[in-house]
Amino acid sequence: MSLPTTRHVPVAIIGGGQAGLSMSWCMKQRGIEHLVFEKHKAAHTWSTQRWDSFCLVTPNWQCQLPGHPYAGDDPDGFMLKHEIIAYLEAYKAKVDPPLREGVSVNRVTRSDAGFAIATSEGDYSADRIVVASGGYHQPIIPRMAERLPGTIQQLHSEQYRNPASLPPGAVLVVGSGQSGSQIAEDLHLAGRQVHLAVGDAPRCARFYRGRDVVAWLGDMGYYDMPVEKHPLREGVRDNTNHYVTGRDGGRDIDLRAFAREGMKLYGLLDGLDGTTLRFRPTLKASLDEADRVYNGINATIDTWIADKGLSAPPPSVYRPLWEPQGEPAALDLEAEGIGSIIWCIGFQPDFRWLDAPVFNGAGHPVHRRGITAVDGVYFLGLPWLHSWGSGRFSGVARDAEFLADDIETRLTCASDRAGRTAA
């Protein structure tokens, strides 16, 4: 009986989303042998973890995967879900990666050969590994959810598809980041009664002074700013994204306008007594802070326009359309006819399969531009890995090229050392 063998590759890429495919492109451009492991299908999250009306919140011209810039006829538009999937499928075909789909990586440990990789199809080894599986692994659902009545359907944002898929009755959306605000809007536009627990997410304008705000910020160099030059430094990685939408050609999301139209807003969810949810008195402060950030971004654009002597429509300041009359402290689920709750409070990372001392106390990798203190362990595709675009289609190419250069250099040096030793 033959003994099982371990296949060795110079570079193992773990994750087959846009980051993993981008890394594979860069490896192929350099002629570096590698394998990409993906436990599902490549880029599966876009088809399996997004709602039906999902669209990009960044304009199409920012879709700049390495070797695959946006080539459609609507660069200032916002790709819909099926268009995003088509864009990534075309990229997968272009890259033609050495891809092991349906293969989960169960454990990675350091070994004499570099790294030992235990997968669902057998054992591998590699000189270097690139973790390109993102940072959104475990949906966050509070423990209080276990005590909610079984008659109420509970979903995480990744499970939501459309208003018709929910049971009859009002809907409580918990969280007002990008997912929460857009899902609340989706339900609101469909005529569902929505209750929204508002968090601390900031907001920004979609268009200002004649252009998409993203275009202004791009000209101002914001998307090229490295994390170490951001005022918050690495703390920016913990920030909630600004809420805005690309829906119907793009527009602001204004929770005050929704409230004026009948959506019911609350502060942060704080507890549960029987069938009654309790909320902190944070609603007014959250709305005010979101508007402060909104106006602050616009003010920086005003300064840029003035300093550059540019011609643009006149500036403006957002004025609240609605103010909460007090702070709603409770929501009786039965009395309000709540039939479903959608948890939109994010994800936690889960890198337990990687046995390497590269993580902080919260389980997040510690790195500089994706390079860790453990030789041979890299990360790619995380939010603010290097810049704002690191976790998006717009910035992953630059990060992948940077890591590929480092990997090529180190593999070459190792090969040279081995040659000298053999001689």
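User: How are residues sorted into nonpolar, charged and polar?

Analyst: Ala, Val, Leu, Ile, Met, Phe, Trp, Tyr, Cys and Pro count as nonpolar. Asp, Glu, Lys and Arg are charged, and the others, Gly among them, are polar. Here, the lining of the second largest pocket has 18 nonpolar, 10 polar and three charged residues. A word on the source: this is a predicted model, where local features need pLDDT of at least 70 and side-chain atom pairs pLDDT 80 or more, while totals for chains, interfaces and linings use all residues. Numbering runs from 1 along each chain as its sequence is written, and side-chain values use heavy atoms, with hydrogens and water left out.

User: What is a pocket, and what is a cavity?

Analyst: Both are sets of points on a 1 Å grid over the protein atoms alone. In a cavity, a 1.4 Å probe fits but cannot get out. A pocket is an open set with protein on both sides within 12 Å along at least five of seven lines. Lining residues have an atom within 4 Å of a point. The second largest pocket holds about 850 Å³ of space. Among its 31 lining residues, Leu-217, Tyr-222, His-242, Val-293 and Ile-297 are the closest to its centre. Helix H7 gives the most to this lining, with five residues.

User: How many cavities of 30 Å³ or more are there?

Analyst: The search of the whole structure finds one. The largest cavity has about 40 Å³ of space. Its lining includes Trp-51, Cys-55, Glu-185 and Arg-247. By class, that lining has two nonpolar, three polar and three charged residues.

User: How do I read a nonpolar core?

Analyst: In soluble globular proteins, nonpolar side chains tend to be buried together. A core joins buried Ala, Val, Leu, Ile, Met, Phe, Trp, Tyr and Cys residues through side-chain atoms within 4.5 Å. Buried means under 20% relative accessible area (exposed is over 50%, partly exposed in between; 1.4 Å probe, protein chains only). The largest core here has 61 residues. Met-23, Phe-393 and Ile-407 are among those with the most contacts inside it. Apart from this core lies another, of 24 residues, including Leu-35 and Phe-379.

User: Is Cys-344 buried or exposed?

Analyst: Cys-344 is buried, with a relative accessible area of 9%. Cys-63 also counts as buried, at 1% relative accessibility.

How values were computed: Grid points are joined across faces, edges and corners, and a volume is the space filled by probe spheres set on the points. Helices (H or I, at least four residues) and strands (E, at least two) are DSSP runs, numbered from the N terminus.
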